[in-house]
Amino acid sequence: MTVIPADIGHASEPPHQGDGGGRPGPKLFTLDQARQELAQRECAEFGHDVTVMLDGWGQPSRLVCDRPCGHPGWVVLDASAPDLHLELLRAAMLDLWADLAVAYLASETRPRESSVACHGLMTRIQDVARHIGPVEPEKVPPLVVTTGLYELVHAAAGCEVQVPPQVMEAAWSALEQSTGGKAARA
Ligand SMILES: [Zn+2]
């Protein structure tokens, strides 16, 4: 761990880096803490330095600050949606779908979706889907469309969904583009 003296960072109140023994001495904080402190000051003075994150389909999904200020970022909601409450639930569900795609890729079980992480996420998605219905296949990560998880999870929640052929084709294209053509079609 890298530590630098607090006075180098000109921080008025550096976080305590206690050694537990109550020994008096210069307050220290890590390089990461110094970076965060500086980023927080910059963001407070100039506003966050925001980047628009795109989902797997190239649509805006999230705004994040480029500086390490610790802000969790913002979720992009469709302003034309008549019910923003519903949109928030949908945004939460889309986060779960995104997490599921990550868990699926990280899974070492076969089939991949049988891992504990995937199973937990699928159960949570089904819970939400029972309340607000299905989301469009164009909104979830292309991977969960091409793997059939999109239909599998919705069916288990009692939601009838169908992936139109052109959407399936677009999902494969998006996946192949993001993996440099390495996505293997079943
Ligand atoms: Zn920021």
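Just after helix H5, Gly158 takes a positive phi of about 80°. H5 spans residues 149-156 in a predicted model of a protein with six helices and five strands. Along the sequence, these elements follow the pattern β-β-α-β-β-β-α-α-α-α-α.

**Helix H5**

- The buried residues of H5 are Leu149, Tyr150, Val153 and His154. They lie on the same side of H5, because the arc they cover around the axis is only 120°.
- The cover over these buried residues includes H2, H3 and H4.
- Leu152 is also found in H5.
- Leu152 and Met122 are 30 residues apart along the chain, and their C-alpha atoms are separated by 9.4 Å.

**The nonpolar core**

- In soluble globular proteins, nonpolar side chains tend to be buried together.
- The largest nonpolar core here has 31 residues. Those with the most contacts inside this core are Met93, Trp97, Leu100, Ile125, Val140, Val145 and Tyr150.
- Which residues does Trp97 touch, not counting residues up to four places away in sequence? They are Ile125, Val135, Val140, Pro141, Val144, Leu149, Tyr150, Val153 and His154. Among these, Leu149, Tyr150, Val153 and His154 are the buried residues of H5.
- In the protein as a whole, which has 186 residues, 33% of the residues count as buried.
- Among contacts between residues at least 6 apart in sequence, 50% join residues at least 24 apart.

**The loop between H2 and H3**

- Ser115 lies in the loop between H2 and H3.
- Ser115 has a relative accessible area of 10%; this is under 20%, so Ser115 counts as buried.
- Leaving aside residues up to four places away in sequence, Ser115 touches Ser107 and Thr109.

**The sheet**

- Three strands form an open sheet in the order S3-S4-S5, and the pairing is antiparallel. S3 and S5 are the edge strands, as each pairs on one side only.
- S3 and S4 run antiparallel and are joined by five bridges. In one of these pairs, Val52 has Leu63 in S4 as its bridge partner.
- S3 and S4 also form a hairpin, with five residues between the two strands. Gly58, in the turn of this hairpin, has a positive phi of about 85°.
- S4 and S5 (residues 74-75) run antiparallel too, and two bridges join them.
- Arg62 has Val75 in S5 as its bridge partner, while Leu63 stands opposite Trp74 in S5.

**The zinc site**

- What coordinates the zinc ion? The donor atoms are SG of Cys43, ND1 of His48, SG of Cys65 and SG of Cys69, at 2.2 to 2.4 Å.
- The site is tetrahedral, with angles of 104 to 116° among the four donor atoms.
- Along the chain, the donors follow the spacing C-x4-H-x16-C-x3-C.
- His48 lies in the loop between helix H1 (31-46) and strand S3 (50-54), whereas Cys65 is in strand S4 (residues 60-65), so this pair ties together parts that are 17 residues apart in sequence.
- Is His48 buried or partly exposed? His48 counts as partly exposed, because its relative accessibility is 32%, between the limits of 20% and 50%.
- Cys65 has a relative accessible area of 13%, which is under 20%, so Cys65 is buried.

Note on methods. Residues numbered from 1 in each chain as written. Predicted model: local features only at pLDDT ≥ 70, side-chain atom pairs only at ≥ 80, totals over all residues. Heavy atoms only, no water. Core = buried A, V, L, I, M, F, W, Y, C linked by side-chain atoms within 4.5 Å. Buried < 20%, exposed > 50% of the residue type's maximum accessible area, 1.4 Å probe, protein only. Helix = DSSP H or I, 4+ residues; strand = E, 2+ residues; numbered from the N terminus. Contact = heavy atoms within 4.5 Å. Donors = N, O, S within 2.8 Å, 3.2 Å for Na, K, Ca; no water. Tetrahedral: all angles 85-135°; square planar, octahedral: opposite > 155°, others 65-115°. Arc of directions from axis to C-beta. Pairing = 2+ DSSP bridges.
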